Amino acid sequence: MHPLLADQEARAREVLPAEVHAHWAGGSGEETSLAEATAAWRDVRLRPRVLRDVSRVDTALTLLGARLRTPVVLAPTALHGLGHPDGERATAAGAARAGALTALSTRASEPVAADPWWQQVYVLRDRARTVDLVQAAAARGARALVLTGDTPYVARKARGDFGPQVDVPDAARQDPATTLDEVGRLAGASGLPVLVKGVLRGDDAAACLDAGAAGVWVSGHGGRQLDRSVAPARALPEVVDAVAGRAPVLVDGGVRSGLDALCALALGADAVAVGRPVLWALAAGGADGVAACLDALTADLAAAMALAGAASLADVRGLADPRGPAGGA
Ligand SMILES: Cc1cc2nc3c(=O)[nH]c(=O)nc-3n(C[C@H](O)[C@H](O)[C@H](O)COP(=O)(O)O)c2cc1C
């Protein structure tokens, strides 16, 4: 783990109410997937290139039309107001300062607009609420929707369930009847491209694209939904193969350093998202904390790219060893 992230996590543990810390840190089941998500990045092996000019390393990219200084994206996480009085406003301000993309949760404490930003969508039992959510997001300048596909029901958390999530009224709960048909409906209602988040299989990734998805987000929901689901680092190569360059692929789960991010990009991801590190950064230092966290991850990524002989994100492709434990075979 990057030392700044470790410091922010320790600080957050001191300042947060114990039940908020447990809710944010924890996972479902026996927390097997939670633990493996982080560990699996360390199983990736890289094949660095030698004698490339890496005097300048560029981490910039364009993602679905948005120009970003870093491929490190803020994963959508609920209720930032639990950790800081300025909630999502502080998170979005910190992300914008770092040149990073923010994905805002359906369960945000307040609707904000970052620059640039995507709206994460849970399809709710009350469909009219969902349509309101995506149309309001489009009006506030969201560039895309992220349809989370792994949460027909919210899984029970190993460290206990947390009040505000349990108290959601029935109409505002996720609709377990949601299918891939929703990709087209949400795109039609909002006029925005729709990515699907929570994909852990190549055949599912292909089905999402067939249904009109503009991108695929490999994720195990931070180990908070189906426990014993495969680590995102292990699922990523299969998804990248299935997508075959037709659409961007994002990945999250256990990314805690620039080297973790490099491994994800080397396995073929276009961008890498972080969930808990941003929550700890927010609790530890508000907008400044979030900007510092993202800047540190980006600088750490650039340093790792230089050592791998990659001056740009395009050079990172193909750096993973396919024989590595998480790279296939
Ligand atoms: C406290 C918490 C709340 C979350 N809320 C959401 C959410 O509202 N929507 C969603 O799609 N994912 C949600 N996630 C999952 C994250 O988007 C992301 O997949 C995960 O946190 C990445 O793993 P990491 O925390 O190890 O970086 C949440 C995760 C956490 C830890």
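This is a predicted model: local features need pLDDT of at least 70, side-chain atom pairs count only at pLDDT 80 or more; totals for chains, interfaces and linings use all residues.
Visitor: How do I describe two packed helices?

Guide: Two numbers do it: the angle between the axes and the distance between those axes. Take helix 1 (residues 3-15) and helix 11 (residues 276-308), which pack at about 165° with axes 10 Å apart. Angles over 145 degrees count as roughly antiparallel, so helix 1 is roughly antiparallel to helix 11.

Visitor: Which residues of helix 1 and helix 11 make the contact?

Guide: Helix 1 brings Leu4, Leu5, Gln8, Glu9, Arg11, Ala12 and Val15. From helix 11 there are, among them, Trp280, Ala284, Gly285, Gly289 and Cys293. By class, the residues of this contact divide into 12 nonpolar, three polar and two charged. The crossing of helix 1 past helix 11 is right-handed.

Visitor: And what is the angle between helix 5 and helix 7?

Guide: Helix 5 (residues 127-139) meets helix 7 (residues 181-190) at about 50°, and their axes lie 9 Å apart. Val131, Val134, Gln135, Ala137 and Ala138 of helix 5 touch Leu186, Ala189 and Ser190 of helix 7. Sorted by class, this contact has six nonpolar residues, two polar and no charged. Helix 5, too, passes its partner, helix 7, in a right-handed crossing.

Visitor: Which residues of helix 3 are buried, and what do they pack against?

Guide: Counting neighbours is the way in: 20 or more other C-beta atoms within 10 Å makes a residue buried. In helix 3 (residues 32-41), Ser33, Leu34, Glu36, Ala37, Ala40 and Trp41 are buried. They pack against helix 9 (232-243) and helix 10 (258-266).

Visitor: What covers the buried residues of helix 4?

Guide: The buried residues of helix 4 (residues 87-97) are Glu88, Ala90, Thr91, Ala92, Gly94 and Ala95. Their cover includes strand 3 (72-74), strand 4 (102-104), strand 5 (117-121) and helix 11. After helix 4 comes Gly99, with a positive phi near 70°.

Visitor: Last one: how many residues surround the ligand, and which are the closest?

Guide: There are 23 residues around the ligand, and the closest are Ala75, Ser105, Thr148, Gly222 and Gly275. By class, the shell has seven nonpolar, 11 polar and five charged residues.

Conventions:
Residues are numbered from 1 along each chain as its sequence is written. A residue is near a molecule or strand if its C-beta atom, placed from the backbone, lies within 6 Å of it. Ala, Val, Leu, Ile, Met, Phe, Trp, Tyr, Cys and Pro count as nonpolar, Asp, Glu, Lys and Arg as charged, and the others, Gly among them, as polar. Axes are lines fitted to C-alpha atoms, for helices over the stretch in contact, and angles run from 0 to 180 degrees between N-to-C directions. Helices (H or I, at least four residues) and strands (E, at least two) are DSSP runs, numbered from the N terminus. Angles under 35 degrees count as roughly parallel, over 145 as roughly antiparallel, 65 to 115 as roughly perpendicular and the rest as oblique. A crossing is left-handed if the near helix is turned anticlockwise from the far one by less than a right angle, and right-handed if clockwise. Two residues are in contact if their C-beta atoms, placed from the backbone, lie within 7 Å. A residue is buried if 20 or more other C-beta atoms lie within 10 Å of its own, exposed if 12 or fewer, and partly exposed in between; C-beta atoms are placed from the backbone.
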